Amino acid sequence: MSNIRKLFDGIEKKYIAKTFFTPLVMVVEVILEVFIPFLFSKIIDNGVADRNIPYIVKTGLLMVFISLASLCSGCFGSYFAAGASQGLSHHLRNRLFAKVQSFSFSNIDKFSTASLVTRLTTDVTMCQNTFQMIIKSCARSPIMLIAGTVMAFNINKSLSFLFFISIPILLVAVLGLSSLAYPRFSDLMKKYDTLNASVQENLIGIRIVKAFVREKFEEEKFTKACDAVRKAQVHAEKVIIFLMPVMQLVMYLSIAAVVWFGGHKVIFGTMLPGQLVSFFTYVMQILMSLMMLGMVFVSTVMVRASIKRICEVLDEEPSIVSPENAVKQVKNGSIEFCNVNFSYTAEKANCVLENINLKIQSGQTVGIIGGTGSSKTTLVSLVPRLYDCLEGCVKVGGEDVRNYDLEVLRDSVSMVLQKNVLFTGTIRENLLWGNENATDEQIVQACKAADADSFIRSFSLGYDTVLGQGGVNVSGGQKQRLCIARALLKNPKILILDDSTSAVDTATEARIRTALKQLVHETTKIIIAQRISSVKDADIIFVMEDGKINGCGTHSWLLENNEIYREVFESQQQGSGDADLS
């Protein structure tokens with residue numbers, strides 16, 4: 001019950017109102033529907049038997065009126081139920097998406113992207129459909145069951161006991177099969193996660209797939225995922241499919257018994273023909289109500305797995321949040337690491353950063369260089385508090401980053417990551433991510449600094465050119481320059497460029513570095529690079545190896561005193577034939 005309450009936390013009142021109106025309207029429909037067989041029996045026994053045409057017409061018109069009123073009630077009930085269930089799905093998807101947005105990287109790492117997509121789509125849809133079925137049937141079926149039983153007893157008590165035999169049989173079938181179904185449906189949802197992961201991975205990496213001619217391999221992998229879903233679904237639903245034949249068998253046996261014994265009563269004159277017809281209709285209503293209640297129960301068992309998965313996301317607490325009485329202003333762009341250790345698993349034995357101590361003055365240009373896997377990106381990820389350090393502290397503007405309001409801190413730090421991400425929309429809309437209030441003049445200035453203005457103007461629509469998902473219609477170098485321009489528009493106190501010029505030529509990179517000095521000279525700039533030419537003019541350069549700082553100093557000092565830096569420099573000098581790097 002606690003999980004169910006969580007689904008409705010904070011839902012809008014209009015959806016709650018529709019939820020309550022649905023069963024009320026359905027009760028009206030049931031009451032009207034129950035009168036129809038009664039009136040029909042009167043037409044047969046009183047009107048037809050006595051050939052009373054006025055009575056037949058009057059009662060028939062009353063039946064038509066009641067039928068229309070019942071139809072309208074049913075339509076309103078369906079309308080309210082659809083509105084309430086759609087409102088629930090809208091509410092859940094908004095809450096789930098907002099929750100995911102509040103997650104830190106470590107929270108997101110706990111759930112796979114594909115699993116989150118499944119929870120936002122398939123699981124929510126399961127809840128929506130089941131909720132709609134419940135609010136339509138929670139009042140309709142029990143009231144129909146009670147009203148039909150009362151009317152049947154009024155007609156013939158002895159005949160009424162026949163269909164009571166079917167009730168325990170149906171209950172045993174529903175409870176037994178439902179207990180077997182839950183774990184199977186839970187496994188099915190996990191198979192959906194795997195299927196979505198296969199689709200997502202293939203669509204994101206479609207260019208790599210085609211470049212390596214791996215279409216058949218991907219098709220086979222997807223086919224296996226589809227087959228796993230099919231098998232899991234068959235395994236789950238083959239339990240449920242037995243329920244309907246059992247329910248139908250019980251229903252038809254009950255109807256046959258009513259026809260047999262009721263027919264004998266009519267023949268021997270202890271029951272009127274109209275009464276048998278109406279009794280037969282009430283039996284049908286009762287048995288259909290029982291079947292509907294059984295299906296609702298089965299649906300609630302099936303949806304338990306989806307509710308659990310949704311609540312897992314809603315219950316997940318972000319591991320990084322703003323503290324109480326958080327600092328609301330970053331004074332400057334100074335950075336200090338004090339005895340910092342960090343592990344993605346929160347275990348000291350698996351630290352990827354060890355004993356990091358460094359100081360960066362506000363406004364300095366800092367270079368970070370090191371081999372692949374030396375944890376350069378991890379180091380700078382601690383500055384905007386994308387992760388929290390395991391031990392020690394990171395200070396920005398002289399204040400521990402854990403004391404800042406997260407929004408304030410991250411607004412003061414602008415990052416251009418290794419994997420450059422652009423979103424569907426125009427170039428202008430993507431650039432405004434950096435500053436939604438930026439003027440056209442500021443946009444152009446930032447793009448010129450990133451050496452992006454010229455290629456943007458080469459497009460027929462210029463800054464209004466529409467980018468495909470992920471910026472698929474621009475080159476890697478153009479994408480990098482757009483991301484740099486977007487970061488510059490933020491006017492941050494700290495600018496982190498994580499290998500963000502790797503896809504541009506050295507001449508373009510030199511122009512970008514020159515423009516950055518002029519445009520954001522008061523901003524602290526951290527440049528992570530593989531090329532020494534990218535960092536040689538920095539005020540200070542840190543050399544990293546295996547998650548530790550191997551050395552720091554200027555370009556000339558490191559050439560003389562740091563073996564790793566000198567080896568990298570010499571290998572790049574030989575590869576480029578450039579004798580003037582020093």
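Glu324 is found in the loop between α11 (273-315) and β1 (335-342), where helices (H or I, at least four residues) and strands (E, at least two) are DSSP runs numbered from the N terminus. With a relative accessible area of 74%, Glu324 is exposed; the term exposed stands for over 50% relative accessible area, buried for under 20% and partly exposed for values in between (1.4 Å probe, protein chains only). The C-alpha atoms of Glu324 and Tyr404 lie 9.4 Å apart in space, while 80 residues separate the two in sequence.

The model is predicted, with local features requiring pLDDT of at least 70, side-chain atom pairs counted only at pLDDT 80 or more, and totals for chains, interfaces and linings taken over all residues. Residue numbers start from 1 along each chain as its sequence is written, and side-chain values use heavy atoms, with hydrogens and water left out. The predictor's confidence in each residue, pLDDT, runs from 0 to 100. Its mean over the protein chain is 83, and 94% of the residues reach 70 or more. Residues 578-582 have pLDDT below 50, and this stretch has nine contacts in the model beyond near neighbours in sequence; a contact means heavy atoms within 4.5 Å.

Two residues other than glycine with positive phi were examined. Asn491 has phi near 50° and is placed in the loop between α17 (476-489) and β9 (494-498). Asn491 counts as exposed because its relative accessibility is 60%. Asp546, in the loop between β11 (540-545) and β12 (548-553), likewise has a positive phi, near 50°. Asp546 counts as exposed, its relative accessibility being 59%.

Along the principal axes, the C-alpha atoms fill a box of roughly 120 × 55 × 50 Å. Of the 582 residues, 46% are buried. Among contacts with a separation of 6 or more, 77% are between residues 24 or more positions apart.

The accessible surface comes to about 29,700 Å², and carbon and sulfur atoms account for 60% of this area, as computed by the Shrake-Rupley method with a 1.4 Å probe.
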